[in-house]
There are 2 protein chains.
Amino acid sequence: MVEKEARSPVNTVTFRLGVLGAWQEARYTERLAGLELKPKHVALLGVLRIKGAESQLELAGVMRVAPSLVVQLADHLEALGAIERVRDPADRRRQRLTLTKDGIRLLNAAGDLAEELDEELTAPLAPADRAALTRILERLAAHTGIPTE
Amino acid sequence: MVEKEARSPVNTVTFRLGVLGAWQEARYTERLAGLELKPKHVALLGVLRIKGAESQLELAGVMRVAPSLVVQLADHLEALGAIERVRDPADRRRQRLTLTKDGIRLLNAAGDLAEELDEELTAPLAPADRAALTRILERLAAHTGIPTE
DNA sequence: TATTGTTATACTCTATAACTATA
DNA sequence: TATAGTTATAGAGTATAACAATA
């Protein structure tokens, strides 16, 4: 009979994802400051490009955040000129959000910043491991229902 | 001349680590509730087992959180009987924190919960990819100075 | 005077609840 | 009456600043 070794939680994937994720997100937040964006704004823009959104409520569902948060994020993005809100003529309660040219530029700029951070983070990894990490995280994201482009 | 493809930030390692990490940490927080612990408490216990701490200030440095937060976390863990605070006789300003038997039990229980979540999260991965993920995250943790047991 | 720990306060993020407009 | 969006409020988490004890 094999006694299971008591492993410290700090060595689990769960724990390390949490710590590394928070660490990397903090650094991303700093770099995004120049664009007047925070990661959640980027997430909203990203979802818009991937699949659009027939309503803000739908967007809240996809992003798994409260509808009231989508309002705040969209307010800011609209003020930046990154998105446009268009009332659905068929149902005037709904606001359709669309990416503007400037929004696409912002999203690409945010993408460049994220890639820079990727480079820095994965610098100590062998090329094969970098590729593996990218592939595995994509797999996990897809499996947990996180939007993927 | 190769034009670099504009990649969406949502497909970067940086962004996915942030989203997956927050998602998994939220689930871990739920499961830990029964132990009256939050992830930061587990982190403190974990660091204590790995390397001990000559002072709370040192612990704050290792954990990369404010000293005032260590006080709160330690207050709670002491109330649970998981740690003991012992004044350093040589320098009575310092509080040395030590894990108790109960603290070790709690840490192990928290480890079991994290392993359960690991199983669930990595279920869709091939065994080789699970191993790769564990190995790569450990590598990244070590490289960014995150404590490792 | 400098350092450790603690307490008081404030800020950020985000959710819940209440409200408005439209259906 | 039900739904989309919005606004108001509240809570969690954590940092910064002020303070106390010891060196």
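The legends below walk through several close-up views of a predicted model.

In this predicted model, local features need pLDDT of at least 70 and side-chain atom pairs count only at pLDDT 80 or more, while totals for chains, interfaces and linings use all residues. Residues are numbered from 1 along each chain as its sequence is written, chains are lettered from A and ligands numbered from 1 in the order in which they are written, and side-chain values use heavy atoms, with hydrogens and water left out.

**View 1. Chain A meets chain B.**

**View 2**
The interface of chain A and chain B holds 2 salt bridges, a salt bridge being a side-chain nitrogen of Lys or Arg within 4 Å of a carboxyl oxygen of Asp or Glu. Look for A:Arg135 and B:Asp129, whose side chains meet in a salt bridge at 2.8 Å, N to O. Helices here are DSSP runs (H or I, at least four residues), as are strands (E, at least two), numbered from the N terminus.

**View 2. Aromatic pairs between the chains.**
Over all chains there are 2 aromatic pairs. Rings of Phe, Tyr and Trp (its six-membered ring) pair if their centres lie within 6.5 Å; planes under 30 degrees apart count as stacked, over 60 as edge-to-face and the rest as tilted. With centres 6.3 Å apart and planes at 85°, the rings of A:Phe15 and B:Tyr28 are edge-to-face. A:Phe15 lies in helix 1 (residues 13–32) of chain A and B:Tyr28 in helix 1 (residues 13–32) of chain B, so this pair joins two chains. A:Phe15 is buried at 10% relative accessibility, and B:Tyr28 is buried at 2%; buried means under 20% relative accessible area, exposed over 50% and partly exposed in between (1.4 Å probe, protein chains only). A:Tyr28 and B:Phe15 also form an edge-to-face pair, 6.3 Å centre to centre with 85° between the planes.

**View 3. Arginines over tryptophan rings.**
The charged end of A:Arg64 sits over the ring of B:Trp23, 4.3 Å from its centre. Likewise, the charged end of B:Arg64 sits over the ring of A:Trp23, at 4.2 Å from the centre. A charge counts as over a ring if NZ of Lys or CZ of Arg is within 6 Å of the ring centre and within 35 degrees of the ring normal.

**View 4. Salt bridges within a chain.**
The count over all chains comes to 26 salt bridges. In one of them, A:Arg85 and A:Asp75 bring their closest N and O atoms to 2.8 Å. A:Arg85 lies in strand 1 (residues 83–88) and A:Asp75 in helix 4 (residues 67–79) of chain A, so the pair ties together parts that are 10 residues apart in sequence. A:Arg27, A:Arg31, A:Glu116 and A:Glu120 are linked in a network of salt bridges.
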